[in-house]
Amino acid sequence: MLRSIIDQSQYEITRLIATGGMGEVYEAKQLGFNGFQKKVAIKTLLEEHAKNDLFIEMFIQEAKLAATLIHENIIQIYQLGYTNEGYYIVMEYVEGVSLHGLLEHLKRFKKEMLPTNLAVFLCSKIARALAYAHSREDDFGRLLNVIHRDVCPNNIMITVEGQPKLADFGIARAQNIGSIMDKSTSKIFGKLPYMSPSQAKMKELDFHADIFGLGAVLFECLSGEPIRKVDSLETLLKMAENGEVDWSLLPEDLKPEIKNLLKNMLSDKKVYPDIDSLAQELEMYIYRDGYGPTIKSMQKYLQKEMSILYNRNKMAESSTIRKPTEMKKIQNMATLIIDQ
Ligand SMILES: Nc1ncnc2c1ncn2[C@@H]1O[C@H](COP(=O)(O)OP(=O)(O)OP(=O)(O)O)[C@@H](O)[C@H]1O
Ligand SMILES: [Mg+2]
């Protein structure tokens, strides 16, 4: 009976959503008995990574850990699988927009960046997600030291309901290995603006790396620019190693309280004893008058500023529905690696 339950599950790819650093992300349908369907997202691993044993080992290890994280602000991982065409991760499908997509949209079509209150709200939710992950323990009550390591606007999504969600938990560790192996690629270039000095120097990391990443995200939400804006990989790497931030990119009328908050988040002095205290500080700022932003206010904002998200017909027209190049149909008859 249990065997047949495993063998029945099947996925059908509906469209390619995007190509990221690790591979491709597809929208898919999980098919079940008697017409049952559930929308999921499937991330496949690029062939170039799949050849590296160390990378694969790390990828599997981290996916197993990430699968145990269940939090409203974390994109949930359902399964890690394998076919003869490669590894894939099945996860919660998010109908919405990545923070990177939203910031790009605001920069291109609107005059103003994300309102301060909403930016702080978004970061407070992600801080809570990180605090939950950082405090995870194993069965013996020992801290697992889960660190995201890749908190950036690409890895934050906002659902059409206005709920911020952090993606790619654990994947960065495997990805770091890829970057160490090939430091000259544009992959590390894109990540450098969000890296703490320790991470850029490839030192042993702790949760402060995620506080720094979140600080860089808040900075970008408010300024529309990454904390370091230079064209040369060498300069960017040096700036990251030294923890340099281009403070002149921030809007001049930014409240001093927020500027202080950013300075603390982007400091290499490890100002916060844990990310819970940061989350509390962010919440105290937005709710200082007794009430403040909620997911509803975020939803209203998206409806106003990015109405295309709520118009399914327009979305369907504007998105190129491409046939996936590989892995046309991923059948779940292969190994359920997570259970091993
Ligand atoms: N669970 C999901 N549901 C819906 N869309 C998703 C999901 N996960 C990712 N996406 C979309 O796919 C895009 C690519 O994601 P992916 O994680 O592969 O690349 P990335 O975040 O740009 O870079 P990196 O490889 O460094 O994480 C995201 O920007 C997002 O728009
Ligand atoms: Mg990602």
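These legends describe close-up views of a predicted model.

**View 1. Five strands form one open sheet.** The strand order is β1-β2-β3-β5-β4, and the pairing is antiparallel. At the edges stand β1 (10-19) and β4 (77-83). Each has a single partner strand, so one side of each lacks a neighbour in the sheet. From one strand to the next, the twist averages 30 degrees.

**View 2. Helix α3 packs on the sheet.** This helix covers residues 53-66. It touches two strands, β4 and β5 (86-92). The direction of α3 makes about 150 degrees with that of β4.

**View 3. Strands β2 and β3 pair inside the sheet order.** Strand β2 spans residues 24-31, and β3 spans residues 37-44. The two run antiparallel and are joined by 7 bridges. Q30 stands opposite K38 in β3.

**View 4. Ligand 1 sits among 18 surrounding residues.** The closest are A18, G20, G21, A41 and N154. By class, the shell divides into 10 nonpolar, 5 polar and 3 charged residues.

**View 5. Helix α5 packs against helix α12.** Here α5 (residues 116-134) meets α12 (residues 275-286) at an angle of about 155 degrees. Their axes lie 8 Å apart. The angle makes α5 roughly antiparallel to α12, because angles over 145 degrees count as such. The crossing is left-handed. On the α5 side, the contact includes N117, F121, S124, R128 and H134. On the α12 side, it includes I275, D276, L282, E283 and Y285. The residues of this contact divide into 12 nonpolar, 3 polar and 3 charged.

**View 6. Helix α5 also packs against helix α9.** Helix α9 spans residues 208-223. The axes of α5 and α9 come within 10 Å and cross at roughly 160 degrees. The two helices are therefore roughly antiparallel to each other. This crossing is right-handed, whereas that of α5 and α12 is left-handed. From α5, the residues in contact are T116, A119, L122, C123, I126, A127 and L130. They meet D210, L214, V217, L218, C221 and L222 in α9. This contact has 11 nonpolar, 1 polar and 1 charged residues. C123, A127 and L130 of α5 take part here and also in the contact with α12.

Conventions: Residues are numbered from 1 along each chain as its sequence is written. Chains are lettered from A and ligands numbered from 1 in the order in which they are written. This is a predicted model: local features need pLDDT of at least 70, side-chain atom pairs count only at pLDDT 80 or more; totals for chains, interfaces and linings use all residues. Axes are lines fitted to C-alpha atoms, for helices over the stretch in contact, and angles run from 0 to 180 degrees between N-to-C directions. Helices (H or I, at least four residues) and strands (E, at least two) are DSSP runs, numbered from the N terminus. Angles under 35 degrees count as roughly parallel, over 145 as roughly antiparallel, 65 to 115 as roughly perpendicular and the rest as oblique. A crossing is left-handed if the near helix is turned anticlockwise from the far one by less than a right angle, and right-handed if clockwise. Two residues are in contact if their C-beta atoms, placed from the backbone, lie within 7 Å. Ala, Val, Leu, Ile, Met, Phe, Trp, Tyr, Cys and Pro count as nonpolar, Asp, Glu, Lys and Arg as charged, and the others, Gly among them, as polar. Two strands pair if DSSP finds at least two bridges between them. A residue is near a molecule or strand if its C-beta atom, placed from the backbone, lies within 6 Å of it.
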